[in-house]
Amino acid sequence: MNRGQKEQGAAIAAGPKEPTARLSLDIPAELHARFKAACARSRLKMTAELLAYIERRTTELEH
């Protein structure tokens with residue numbers, strides 16, 4: 001199991017059991033490095049942070 005699969009598994013395990021879909025996006029390398037470092041400093045999973053942001057922003061856009 002690679003690191004990405006472990007992160008995805010942790011994110012899925014933390015949430016309700018429901019079907020998942022993969023989202024892939026290209027971002028600038030520098031932004032990726034900054035985000036990764038910020039998450040590491042805070043001992044947070046990148047996947048969990050992205051899921052939280054997407055959920056929050058989706059709720060905002062729906063209202």
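From the N terminus on, the order is α-α-α. Please keep in mind that this is a predicted model, where local features need pLDDT of at least 70, side-chain atom pairs count only at pLDDT 80 or more, and totals for chains, interfaces and linings use all residues. Residues are numbered from 1 along each chain as its sequence is written, and side-chain values use heavy atoms, with hydrogens and water left out.

Now the surface. Of the 63 residues, 6% are buried, meaning under 20% relative accessible area, with exposed over 50% and partly exposed in between (1.4 Å probe, protein chains only). The accessible surface is about 5800 Å², and carbon and sulfur atoms hold 56% of that; areas come from the Shrake-Rupley method with a 1.4 Å probe, and for residues only the protein chains shown count as cover.

Which residues form the nonpolar patch? They are Leu23, Leu25, Ile27, Leu31, Leu50, Tyr53 and Ile54, together about 660 Å² of accessible area. A patch takes residues with over 30% relative accessible area and no salt bridge, joining nonpolar side chains (Val, Leu, Ile, Met, Phe, Trp, Tyr) within 5 Å and like charges within 9 Å. Helix H3, residues 46-62, gives the most, with three residues. Leu50 sits in helix H3 and counts as partly exposed because its relative accessibility is 42%.

Finally, there is one salt bridge, that is, a side-chain nitrogen of Lys or Arg within 4 Å of a carboxyl oxygen of Asp or Glu. Arg57 and Glu60 make it, at 3.0 Å, N to O. They are three residues apart in helix H3, so about one helical turn separates them.

Notes: Helix = DSSP H or I, 4+ residues; strand = E, 2+ residues; numbered from the N terminus.
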